[in-house]
Amino acid sequence: MPQLRRSAAPLGSRLLGDTSESPRRRRVRVQILLTIFLLGANLIGAVIVGALVSVVVPGPNVLEPKFYWWVNYIVIPVYVGLAFIVGVVWGTTRAVRALRWAIEDRKPTRQEQVNTLSMPWQLTRVQIFLWTVGLVLITTIDGIIDPQSIPKVAFTIGAGGTVVCAFSYLLSEFALRPAAARALEAGDPRRIRIAGVMGRSILSWILGTGVPIAGLMIIAIFSFIRPYQTDADRMAVAILALGGITLVFGFFLTLLGGFATTAPISNVRSGMAEVEKGNLDIHLAVYDGTELGELQSGFNRMADKVRERETIRDLFGRHVGQEVAEAALSKNPELGGEERDVAVFFIDLVGSTEIASSRPPAEVVALLNRFFAVVVDEVDEHGGFINKFEGDAALAIFGAPAEIDDACGSALAAAREISRRLRDEVPECSAAVGVASGRAVAGNVGAKSRFEYTVIGDPVNEAARLSDLAKNAPGAILASKITVDGASSAEAGHWEFGDSVTLRGRSAETVLASPTS
């Protein structure tokens, strides 16, 4: 089943590739994106810590000589380097190993599905652990040197760690979207959801509002507790720096959160646009583990139901005729009918018994299909519909259920064109056609549990008798004079009148008409 066109980015971004790419290429793409995103998040955290500790948060200058050089130039760089290696290399390797089922291109187990969808949180927990260890280690060492530095160091590392963890979660969720799509394909997202839109919104609030406001409050509290260490210029610098950090990183976090929310919605909107164009074979990639993934999955279920309904509708129309199908679908069909002025023709294959006895069954069926293809094509072309097939015969109605301007003329023209085409396209057989018109009852006949649309009345009987008579007439087409008189002058000019006969089962005579050419 086709996905959305490539320009629509089935997974919400061209960076994530397409759902049809090979498992190996998908693995490489995911690993590269995870590595870049986790490195970027930790670099952002390091920049924030450096800015906070140097110019933003009031307190002792931990870069002064009394804070031993080996702390700032050996302990911290070594730990940061190790944390980068462990957090990025080990984290991405662990993620790829947990996604081996996707690389092997097999259906995941229930546990593998849950692990895949929870992988962003698992990677974030690694970052939380590493930054917590760093906070405890560096705060302890600086606290031994100068106990007054503990609040400042703890806050700056904690704030930086919060930023890193928030970005790590959102960026990992983005990078792992191809794997999440595969996992969600194998199970209903309503049963394996890990997080929600609310959790994502709270995360954005923590970083975009909570941490910055907490920082400003700490600075304000510090200015009350130790006013002698805080002057107006330093307070202004601290507020401006923290405000700048909030504007920049808060914007990017809001952008990431908004993109994660709007991408699935845009995905569904694109799918809806395709359905409006008549493309019912559309199938969305379900890649979001929140309620938005349920929206994507719900769209697919809806598209399946619409596709199924259209298939049934098409089959229904093929069996009973498109006009009857449309009428039945537009209103509740009931037993009974109404009187209508209609024109009908009855067409019957000549010599069908001999054909069936002299040819293999498969060949007979193929011949009948070619024969009926011509009949159906011309009936549709002239505004009628095939009411029923009866073995090697068919009954066509003009003027019911849909009215047409010239029912008699349409029936006569269709009969003439069918006769001509059968001689050219199906020369192995010949057919006799009888055309009649008059007042008949058109409606649903049968029982409440099973009925069909049909036309009952004298015109139907007359057409069947004329068809029998036409088997021995030149051209094998006969119509009643009443039908020719009811047709337009253009069509009536193609017919000439002949003898009057009393058809079997009728008391009144019928004046016969046959085509002139």
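Strands β2 (residues 385-390) and β3 (residues 393-398) run antiparallel and are joined by five bridges; two strands pair if DSSP finds at least two bridges between them. Strands (E, at least two residues) and helices (H or I, at least four) are DSSP runs, numbered from the N terminus. The model is predicted, so local features need pLDDT of at least 70 and side-chain atom pairs pLDDT 80 or more, while totals for chains, interfaces and linings use all residues. Residues are numbered from 1 along each chain as its sequence is written, and side-chain values use heavy atoms, without hydrogens and water.

In this pairing, F385 stands opposite I397 of β3. The β2-β3 hairpin has two residues between its strands, and G391 takes a positive phi near 65 degrees. Six of the six residues of β3 are buried, that is, under 20% relative accessible area with a 1.4 Å probe, protein chains only (exposed is over 50%, partly exposed in between). In a regular strand, side chains alternate between the two faces of the sheet.

| Direction from β3 | Buried residues |
|---|---|
| One way | A393, L395, I397 |
| The other way | A394, A396, F398 |

Helices α12 (residues 361-381) and α13 have axes that come within 9 Å and cross at roughly 150 degrees. Axes are lines fitted to C-alpha atoms, for helices over the stretch in contact, and angles run from 0 to 180 degrees between N-to-C directions. Contact means heavy atoms within 4.5 Å.

R421 lies in α13 (residues 407-425) and is buried, with a relative accessible area of 12%. Beyond its neighbours within four places in sequence, R421 is in contact with V374, D377, E378 and V426.
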